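Subject: Two-chain model, handover and notes

Hello,

Please read the notes with the structure open beside them.

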Amino acid sequence: MQGINAVSGTASIWIGAPWCRPVSPSMRELPDHECVALYQRGNRDAFEELVRRYQDRVYRFILRMVGSREEALELTQDTLLKAFQNLRQWRPEALFRTWLFQIASNTAIDSLRRRKHMEYLPIDVNDELVDPGAGPERLLQLSQRCRNLEEALAKLPHDFRQALLLREFEDMPYSEIALALGINEGTVKSRLARARAMLLALCRQNEGTA
Amino acid sequence: MTPRMTIMETPNMNTDCPRSADLSAYLDGELPAPARAALETHLRGCGVCDEHLVALTGLRRGVTALGQETVGFDLAPRLRQRLGATPAPALPWWPRPWGWLPLSFAATATVVIGVFLGSQLVRTTGTTDSSAPAMALFDPIPPGGICLSARPCHLQGKS
């Protein structure tokens with residue numbers, strides 16, 4: 001099977017299933033907007049690279065918004081699909097990431113609104129998330145702390161949670177969070193402060209009752 | 001040096017306190033330089049704020065450590081299937097330099113065919129004898145008639 005390297009234009013050979021073919025290393029180094037431009041010209045490698053870059057990040061964000069892995073997986077696909085179907089509306093002046101998380105945020109909120117009740121199931125804490133090198137007692141302590149934190153996060157109002165997730169998981173500056181959520185920077189600042197204060201209080205409460 | 005504290009040991013802080021928002025923004029590196037300098041001066045003399053900052057730092061570490069889940073497989077093939085066999089080019093057709101070409105060809109061809117057919121018609125009209133039987137149906141004198149009157153002579157009792 002032979003393909004053309006999207007960037008250099010040289011031919012490359014790959015073995016195995018078409019969906020397993022490696023994305024060229026140079027493609028991985030391209031900034032998002034260049035990948036988008038290549039995709040718009042019909043480049044399949046660019047499409048795969050953008051999906052690879054964002055699928056887990058969008059999934060993690062949505063998972064903590066809706067609380068269910070199955071729903072998060074479905075909404076992640078919907079988000080990416082909407083993004084690629086509506087790329088005409090994206091302007092290179094805005095970061096692709098900001099635009100994508102704006103769609104992810106709207107998709108998650110729409111899904112929460114569709115529910116009859118806004119019940120959120122805290123995510124089960126996987127043992128794999130905890131440092132395997134830690135001793136059994138420490139492991140238990142870390143696992144408990146993670147569970148407490150997940151439960152506390154689940155109790156935050158979703159507008160606070162959105163801002164906090166974009167800040168902590170995506171390391172977005174306030175200006176970018178403001179664009180993604182359609183609010184001003186002052187509101188981002190106050191939402192983050194209140195989210196953190198609430199989270200601290202909830203963690204204290206959880207640790208106190210554990 | 002301030003002893004490191006866990007979330008449990010952190011003193012409660014009024015969430016509406018303006019310092020709370022500033023501490024959070026300070027942690028994110030989002031305070032403008034004068035405000036940052038003022039807060040740092042304040043932190044040196046305020047144990048409560050300093051402890052709150054330590055708690056916020058610990059909280060950040062904890063939240064960041066949570067985000068490790070993955071989809072577990074490549075979504076690209078599924079998405080490509082849903083998008084269609086190949087990703088549709090999302091660029092509008094008009095900015096491309098070749099975007100106008102088919103339209104230009106079609107327009108030129110239409111004009112050329114129109115001019116050609118028009119010239120044929122003019123040429124045909126100019127050379128045709130108006131008394132020819134084929135066109136006589138449309139003449140004021142029907143074929144075989146000799147009277148210029150619209151009504152046939154025999155209907156007026158002149159036969």
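Predicted model: local features only at pLDDT ≥ 70, side-chain atom pairs only at ≥ 80, totals over all residues.

Chain A has 9 helices and 2 strands. Of its 210 residues, 53% count as buried. Among contacts in chain A with a separation of 6 or more, 56% are between residues 24 or more positions apart. The chain exposes about 10200 Å², and carbon and sulfur atoms supply 51% of that area.

Chain B contains 6 helices and 0 strands, so its pattern reads α-α-α-α-α-α. It has 159 residues, of which 23% count as buried. For contacts in chain B with a separation of 6 or more, the share from residues 24 or more positions apart is 44%. Its accessible surface comes to about 10900 Å², and 65% of this belongs to carbon and sulfur atoms.

The interface

The size of an interface is often given as the accessible area lost when the parts come together. For chain A and chain B, the buried area is about 4700 Å², with carbon and sulfur atoms giving 63% of it. Three residues, Gln77(A), Leu200(A) and Arg204(A), supply 14% of the area that chain A buries against chain B, which is more than any other three residues.

There are 8 salt bridges between the chains. One of the salt bridges joins the side chains of Arg196(A) and Asp28(B), at 2.8 Å from N to O. The count of residue pairs in polar contact across the interface, with both residues at pLDDT 80 or more, is 15.

Places to look at in chain A

Helix H7(A) is largely enclosed by the rest of the structure, because 9 of its 11 residues are buried. The buried residues are Phe160(A), Arg161(A), Gln162(A), Ala163(A), Leu164(A), Leu165(A), Leu166(A), Arg167(A) and Glu168(A). The list includes charged side chains, among them Arg161(A), Arg167(A) and Glu168(A).

Leu181(A) is found in helix H8, which covers residues 174-181 of chain A. Leu181(A) counts as buried because its relative accessible area is 16%, under the 20% cut-off. Setting aside residues up to four places away in sequence, Leu181(A) touches Ser105(A), Gln162(A), Ala163(A) and Leu166(A). Of these, Gln162(A), Ala163(A) and Leu166(A) are also among the buried residues of H7(A). The C-alpha atom of Leu181(A) is separated by 6.1 Å from that of Gln102(A), although the two residues are 79 apart along the chain.

Between H7 and H8 of chain A there is a loop, and Asp171(A) lies in it. Is Asp171(A) buried or exposed? Asp171(A) is exposed, because its relative accessible area is 52% and the cut-off is over 50%. The residue has a positive phi of about 55° although it is not a glycine. Most residues other than glycine have a negative phi.

Thr79(A) itself counts as buried, because its relative accessibility is 0%. The side chain of Thr79(A) reaches the backbone oxygen of Leu75(A) at 2.8 Å. Beyond its neighbours within four places in sequence, Thr79(A) is in contact with Val58(A), Ile62(A), Leu100(A), Ile103(A), Ala104(A) and Thr107(A).

Regards

Terms used. Residues numbered from 1 in each chain as written. Chains lettered and ligands numbered in written order. Heavy atoms only, no water. Buried area = accessible area lost by both parts, 1.4 Å probe. Salt bridge = Lys/Arg side-chain N within 4 Å of Asp/Glu carboxyl O. Polar contact = N/O pair within 3.5 Å; in protein donor to acceptor, adjacent residues only side chain to side chain. Helix = DSSP H or I, 4+ residues; strand = E, 2+ residues; numbered from the N terminus. Buried < 20%, exposed > 50% of the residue type's maximum accessible area, 1.4 Å probe, protein only. Contact = heavy atoms within 4.5 Å. Areas by Shrake-Rupley, 256 points an atom, 1.4 Å probe, with all protein chains shown as cover.
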